[in-house]
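Let's take a friendly walk through the salt bridges of a protein model. Have a look at the structure first, and then we will go from pair to pair.

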Amino acid sequence: MKTGLVSQVSRSLDRASAAARLFVLAGMMLALNGAQAAVDTSAYPYSMDITFSGYTGSTTLTNFPVLVVLTNGLSGFSYSQMESPDNAGDLRFTDEAGTAWLNYEIETWNTFSGSAISAPTELSGSALWLLRTDAGVPTNESGDVTNWVDQSGNGKDAFQEAPLRQPHQKYGLSLGGEPWKSCVWVQVPQLAASTKIVAYWGNLEATPPPGTLNGSTWDSSYVGVWHALGKTD
Amino acid sequence: MADSAAGLYNGANYNVAAVPGLIGNAMNFNMDLGAKVSIPAAFLSSVNNTITISLWQYGSARQPLNTSIFEGTSSGVRVLNTHVPWADNMNVFWDAGNNGGYGRINTGVTSASQYKGQWNHWVFVKDAVAGVMQIYLNGEAWYGGAWGLTRPMTGVDTFRLESMANGGNCYDGIVDEFRVANVVQSPDWIKASFLNQASNGVFNTYGTINKQMFGTLLWLQQQSRMALT
């Protein structure tokens, strides 16, 4: 009984595959008639359209580097959908028509899937916690940090007694509550308010393309682009 | 500090610390430590008459100070430089040019938020053919015009970020996404860069995640064949 059902499913799927092959053949014929060939995205099970309605300019920008931010806050997105969640080797982008892979560069890839830690007690077995930026860092009148209070509650405070070595407190930079983000620069061939690009991921066999590291995301007018201190510094 | 453009002109960091930035990490410069970055000046070899320099800046609570955001010199003579602001007169300066002196535009800041306590996107543009120098703040033209400022910007042999070229007057604050282009970027380009980076979730619209059914069919087909064999 089970084998019969499986056989029926298999036959149905074979028919579906045959239909899919017909679509592919039709696409090839269109290409031969002058239509632009499409890149093959069939091995990428996940995709997402990205549009740029926030662009308010009147001109179309050529080879514009667009920042794409991926987070667990995107509805339906999860790093677990990627075959290479550690290095995003299966991430790709195409133009709207799917005629070309777009150049892209990953500036920051952060796959942390939990929420930001805001209390020391959330770290099981914590013995020492000094680097929390929004608590336990008293400053002197100049705004320089003089000591770090151990947030684990174990009293292992740290001190910097040399005034010239006391770091200055910066404001507005706490990670607490901030979503963990992955920042990707994508070179969009033609950017207007109506432009759409498509992100793909989940291909079992994809590896990072060379364009992610050779500067091709930035057109030749850019003589230098320094994202600041990243993992390659 | 790695250069992402094709030239790969990586900078040499001196006492620069990584901190969370507007986009990924940013560079924290402590003037007490003389923090700065030296960038090989060859990255400017194709710069002659046109340039666009952009960066995000978050000045520390110590600002205003007499510091430089960057300076490039030729045989010790200034070619490129900015102060945001220079504390003694509270002016933002944009200097660019190398022909018996540099072109300069400068104007006073109007609020502390322009130089400290928040992220600001500064863009410095020069078109030496048209004689234009312009400063953009947070996507909008802030100061400048076509004032006959035609000195080209050739021959830079020393370039430092967050200090003067001689290493003095180090900045105190945080800088992110420092870029240099050898063209004059358009107002649309500059505003789009600001909006895309400052308000990503407004500029970009992220659609729903699509799961491709064809992939699902293939998987089911593979499973059914495995069950039969």
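A:Asp49 has a relative accessibility of 27%, so this residue counts as partly exposed. Keep in mind as you look around that the model is predicted. The partner of A:Asp49 is A:Lys196: the two form a salt bridge, and their closest N and O atoms are 3.3 Å apart. What parts of chain A does this pair tie together? A:Asp49 sits in strand S1 (residues 46–51) and A:Lys196 in strand S8 (residues 196–201), so the bridge joins parts that lie 147 residues apart in sequence. A:Lys196 is partly exposed too, with a relative accessible area of 24%.

Now turn to chain B. Here the side chains of B:Glu71 and B:Arg78 meet in a salt bridge, at 2.7 Å from N to O. Are these residues buried or exposed? B:Glu71 counts as buried because its relative accessibility is 7%, under the 20% cut-off. B:Arg78, at 13%, counts as buried as well.

Another bridge in chain B links B:Asp95 with B:Arg104, and the closest N and O atoms of this pair are 2.7 Å apart. B:Asp95 is buried, with a relative accessible area of 0%, whereas B:Arg104 is partly exposed at 34%.

How are these chain B residues connected? B:Glu71, B:Arg78, B:Asp95 and B:Arg104 are linked in a network of salt bridges. If you step back to the whole structure, you will find 8 salt bridges over all chains, including the A:Asp49 and A:Lys196 pair where we began.

Technical notes. Residues numbered from 1 in each chain as written. Chains lettered and ligands numbered in written order. Predicted model: local features only at pLDDT ≥ 70, side-chain atom pairs only at ≥ 80, totals over all residues. Heavy atoms only, no water. Salt bridge = Lys/Arg side-chain N within 4 Å of Asp/Glu carboxyl O. Helix = DSSP H or I, 4+ residues; strand = E, 2+ residues; numbered from the N terminus. Buried < 20%, exposed > 50% of the residue type's maximum accessible area, 1.4 Å probe, protein only.
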